[in-house]
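Me: I am new to this structure and would like to know what stands behind the terms used for it. Please show it to me before I ask.

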Amino acid sequence: MTAKSYTNTSQQRLLKVLHALFSDVVMGLPPSAIAKAVAASPSVITRDLNNLRTAGWAERDEATGLWRLTPVLPRQAIKVQAAISRHELRIDETRQRYTRNPD
C-alpha cells in the first residue's frame, strides 16, 4: 500500500512567499526578490501575490511597487505571544502554590 501525498507544490510555494514577505514588513519587497527567494518565475509570483492580496494578507505599495504583508498575519503572531504570556503567568502561580511553605 502506498502512502498518499497531500503536499501541493503551489500551496508550498505560496507559504514560501509568505515567509519571504515576513523578511521586511515595513518597506516590503519587489516581486523580483520574492521570485528569487522562492525560486519561481515572476509571472507565478505575480499570481501568488494577487491571491494573497485577494485574501487580504498582502498589499502592494503603489508608490514604490513593493509588496508587504498586511497586519492580518502579524496580528496572529501577537495573539500567540499573548497566549504564551497568559500561560506563563498561570505556570508561575501554580509553581508558587506548590512551593509555598505551609503555615
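This is a predicted model: local features need pLDDT of at least 70, side-chain atom pairs count only at pLDDT 80 or more; totals for chains, interfaces and linings use all residues.

Me: Why is Asp48 called buried?

Reply: Buried means under 20% relative accessible area. Asp48 has 6% relative accessibility, so Asp48 counts as buried. Asp48 is found in helix α3. Leaving aside neighbours within four places in sequence, Asp48 is in contact with Arg13, Leu14 and Val17.

Me: What makes the pair Asp48 and Arg13 a salt bridge?

Reply: The term calls for a side-chain nitrogen of Lys or Arg within 4 Å of a carboxyl oxygen of Asp or Glu. For Asp48 and Arg13 the N to O distance is 2.6 Å, so the pair meets that limit. Asp48 lies in helix α3 (residues 42-55) and Arg13 in helix α1, so the pair ties together parts that are 35 residues apart in sequence. Both Asp48 and Arg13 are buried.

Me: How many salt bridges does the structure hold, and which residues are linked in a network of them?

Reply: The structure holds five salt bridges. Glu59, Asp61 and Arg68 are linked in a network. Within it, Arg68 forms a salt bridge with Asp61, and their closest N and O atoms are 3.4 Å apart.

Me: Arg60 forms a salt bridge with Glu62. Why is Glu62 called exposed, and what does Arg60 count as?

Reply: Exposed means over 50% relative accessible area, and partly exposed lies between the buried and exposed limits. Glu62 has a relative accessible area of 56%, so Glu62 is exposed. Arg60 has 34% relative accessibility, so Arg60 counts as partly exposed. The closest N and O atoms of this pair are 2.8 Å apart.

Me: What does Met27 count as, and what patch does Met27 belong to?

Reply: Met27 has 48% relative accessibility and therefore counts as partly exposed. Met27 is found in the loop between α1 (9-21) and α2 (31-38). Together with Phe22, Val25 and Val26, Met27 forms a nonpolar patch on the surface, and the four residues have about 380 Å² of accessible area together.

Me: How do you know that the buried residues of α2 line one face of the helix?

Reply: The buried residues in α2 are Ile34, Ala35 and Val38. Seen down the axis of α2, they fall within an arc of 100°, so they line one face. The face turned away from this buried side carries the exposed residues Ser32, Lys36 and Ala37. The cover over the buried residues of α2 includes α1, α3 and β2 (67-69). After α2 comes Ala39, with a positive phi near 60°.

Me: Which residues touch the most other members of the largest nonpolar core?

Reply: This core has 17 residues, of which Val17, Leu21, Ile34, Ile45 and Leu49 touch the most other members. At least two residues of the core come from each of α1, α2, α3 and β2. Leaving aside neighbours within four places in sequence, Leu49 has contacts that include Val17, Leu21 and Trp67.

Me: Why is Leu21 called buried, and what is Leu21 in contact with?

Reply: The limit for buried is under 20%; Leu21 has 0% relative accessibility and so counts as buried. Leu21 is found in helix α1. Leaving aside neighbours within four places in sequence, the contacts of Leu21 include Leu29, Leu52, Ala58 and Leu69.

Definitions and conventions. Residues are numbered from 1 along each chain as its sequence is written. Side-chain values use heavy atoms; hydrogens and water are left out. Patches are made of residues with over 30% relative accessible area and no salt bridge: like charges are joined within 9 Å, nonpolar side chains (Val, Leu, Ile, Met, Phe, Trp, Tyr) within 5 Å. Accessible areas come from the Shrake-Rupley method with a 1.4 Å probe; for residues, only the protein chains shown count as cover. Helices (H or I, at least four residues) and strands (E, at least two) are DSSP runs, numbered from the N terminus. Buried means under 20% relative accessible area, exposed over 50%, partly exposed in between (1.4 Å probe, protein chains only). Contact means heavy atoms within 4.5 Å. The arc is that of the directions from the helix axis to the C-beta atoms. A nonpolar core is a set of buried Ala, Val, Leu, Ile, Met, Phe, Trp, Tyr and Cys residues joined through side-chain atoms within 4.5 Å.
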